[in-house]
Amino acid sequence: MVKVIASSLRKGNVVEIDDKLYVILSAENIHPGKGTPVTQMDMRRISDGVKISERYRTTEQVERAYVEDRPHTYLYQDSDGYTFMNPETYDQVAVPDDVLGDQKVYLQEGMECMISMHNGVAIAIELPQRVTLEIVDTEPTVKGQTASSSYKPAMLSNGVRTMVPPHVSAGTRVVIMTSDASYVERAKD
């Protein structure tokens with residue numbers, strides 16, 4: 001265990017509080033007009049998935065747990081959760097549903113992901129920033145609409161709704177940001 005100041009903690013870091021591990025979901029440094037600056041953190045307890053919110057003075061010491069980040073390849077989903085394989089050792093890891101959270105809709109077979117492991121247990125996962133998906137359904141383009149920031153709703157092949165430019169039609173493959181499901185560009189393949 002390493003003690004670090006609260007203001008240096010970021011999303012995805014793992015901390016130990018009262019002999020329990022927590023993964024940080026969001027960390028925000030707040031500097032009020034007067035008084036001491038604080039770090040507001042939303043965390044999820046790894047053992048049972050309970051979410052808590054904590055405030056620390058920015059200079060307070062917090063114990064950061066040693067976590068190993070390793071690349072893994074997504075294989076398949078079954079009753080145990082989502083199975084990933086370490087490409088170096090060929091070890092397979094089952095990642096529970098609650099660790100993946102909302103990101104699971106972007107998983108594709110063979111996708112490279114970073115999995116954070118603590119004592120052999122998957123505690124956090126980071127998907128690639130961008131993913132290529134196909135548009136299944138979108139509204140037809142209305143003639144006379146200008147190209148300036150007029151986006152239309154579209155349904156992606158994974159069931160997520162996003163906004164796309166008017167020139168994009170159903171059947172087009174597009175690049176989407178996994179963080180907020182926003183359209184980036186047409187796929188180049």
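**First stop: phenylalanine 84**

Select Phe84 and show what surrounds it: leaving aside residues up to four places away in sequence, Phe84 touches His72, Thr73, Tyr74, Leu75, Asp91, Gln92, Val93, Val95, Leu107, Cys113, Ile115 and Ile125. Contact here means heavy atoms within 4.5 Å.

A word on the model before moving on. It is predicted, so local features need pLDDT of at least 70 and side-chain atom pairs count only at pLDDT 80 or more, while totals for chains, interfaces and linings use all residues. Residues are numbered from 1 along each chain as its sequence is written, and side-chain values use heavy atoms, with hydrogens and water left out.

**Next: the strands**

Strands are DSSP runs of E of at least two residues, and helices are runs of H or I of at least four, numbered from the N terminus; two strands pair if DSSP finds at least two bridges between them.

- β7 and β10 are antiparallel partners over six bridges; pick His72 and you will find its bridge partner, Cys113, in β10.
- β7 and β8 also pair in the antiparallel sense, over five bridges, and form a hairpin with two residues between them. Tyr76 stands opposite Thr83 in β8.

**Last: the cores**

A nonpolar core is a set of buried Ala, Val, Leu, Ile, Met, Phe, Trp, Tyr and Cys residues joined through side-chain atoms within 4.5 Å; buried means under 20% relative accessible area (1.4 Å probe, protein chains only). The largest has 28 residues, and Phe84, Val95 and Leu107 are among those with the most contacts inside it. To finish, select Ala6, Val15, Tyr22 and Met43, which belong to a second, separate core of eleven residues.

Methods: Buried < 20%, exposed > 50% of the residue type's maximum accessible area, 1.4 Å probe, protein only.
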